[in-house]
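Here are a few friendly notes to read alongside the model. I have kept them to points you can check by eye.

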Amino acid sequence: MTPAAERQRARFAALDPLLPPPPPLPPGEPLEAGGAGGTITHVRFAAGSWQRLWSPAHLQILSAVLPLDAVAGMNALLSAWRERVALADAEPDSSCTVTWPSRDVAVSRALLDHGLAPQLALAVRAPAAGEAHSVPGVTIRASTRGDLEEIVGLRFEELRYTSLVGHGVVRPGAKALLAEEVRRGLQFGGRVWIAEEEGLTVGMVTGGKRSPAPGDALAGRLPPGEWGYVGTLAVTAAARGRGIGRALTAVVHDELFSPSLRGTFVSYNPANPLSPVFWHRQGYRPLWTTWAAAPAAALR
């Protein structure tokens, strides 16, 4: 580990004890300015792909190691990145993103000043069983393949809502892509629980377990070990506000809990008027925040 990386590791540990040691910078275009160093990774998603429901077609992702004066370093790095984006004539369907510890509010100010906005939070909860909660007239059960249509309908409703407040994009063929993803998940052991009222599906939640491994999306985001995750939680608009989401979450927490679990995690959009309040009440708090400027030319 370089001296700069070691300083950043110590800074992260002081900010939040749950932050793991930062991994090495990923491959990409090198970027240096103001004593800071980083790489820009370009990711392009094919037309008609599942990923384009949740992302622009072209992502530019900055990974950074900042100097002792982290704020000045991030400001310099973002200014240099902006110059590079301007020279490249950025595409309309694009974004610039940086994922940074949520508690680093000093660097958050630099990100805001350069036109980035909080897009996604990775939040964590201490390992614990679910706090039992029931809603009169509502039953919760494990899903079956016969629930495919209802699950897809709820996922599509969630996508439409997310497209209004966050990073979701309702593209042509979205419902078919959602159906394919749900079908694959059920086929390969994905866990889904359904809330029903008078025979009608009014909510759903997905969950499972993951362990951070080198090269995957969780590497450098969570400490090693087994983690539970809550994937998609959706309740029909007409049934919201009655505690159904809380009841579903209690069930998935109960199902995932074990003595060896390090905790559970969930991702939500900080700009969503429902999600942050809900997840914080369930015991979650943000660990990482992904900041984005979209299109990429909005970086300033």
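1. Phenylalanine 265 has 8% relative accessibility in this predicted model, so the residue counts as buried, the limit being under 20%. Tyrosine 229, at 25%, counts as partly exposed.

2. Ala5, Gln8 and Phe12 are buried in H1. They cover an arc of only 60° around the axis, which puts them on the same side of the helix. The exposed residues Pro3 and Ala14 are carried by the face of H1 turned away from that buried side. Among the elements covering the buried residues of H1 are strands S3 (58-65), S4 (94-101) and S11 (285-293).

3. The aromatic pairs deserve a look too: the count comes to six. Phenylalanine 12 and tryptophan 288 have ring centres 6.1 Å apart and planes at 80°, so this pair is edge-to-face. Since phenylalanine 12 lies in helix H1 and tryptophan 288 in strand S11, the pair ties together parts 276 residues apart in sequence. Both residues are buried. Tyrosine 229 and phenylalanine 265 form a tilted pair, with 5.9 Å centre to centre and 35° between the planes. This pair links strand S9 (residues 227-235) to strand S10 (residues 263-268), the two residues being 36 apart.

4. Ring pairs also join Phe12, Trp100 and Trp288 into a cluster. What sits over the ring of tryptophan 288? The charged end of arginine 221 does, 4.6 Å from the ring centre. Arginine 240 lies over the face of tyrosine 161, at 5.5 Å from the ring centre.

Conventions. Residues are numbered from 1 along each chain as its sequence is written. This is a predicted model: local features need pLDDT of at least 70, side-chain atom pairs count only at pLDDT 80 or more; totals for chains, interfaces and linings use all residues. Side-chain values use heavy atoms; hydrogens and water are left out. Buried means under 20% relative accessible area, exposed over 50%, partly exposed in between (1.4 Å probe, protein chains only). Helices (H or I, at least four residues) and strands (E, at least two) are DSSP runs, numbered from the N terminus. The arc is that of the directions from the helix axis to the C-beta atoms. Contact means heavy atoms within 4.5 Å. Rings of Phe, Tyr and Trp (its six-membered ring) pair if their centres lie within 6.5 Å; planes under 30 degrees apart count as stacked, over 60 as edge-to-face and the rest as tilted. A charge sits over a ring if NZ of Lys or CZ of Arg is within 6 Å of the ring centre and within 35 degrees of the ring normal.
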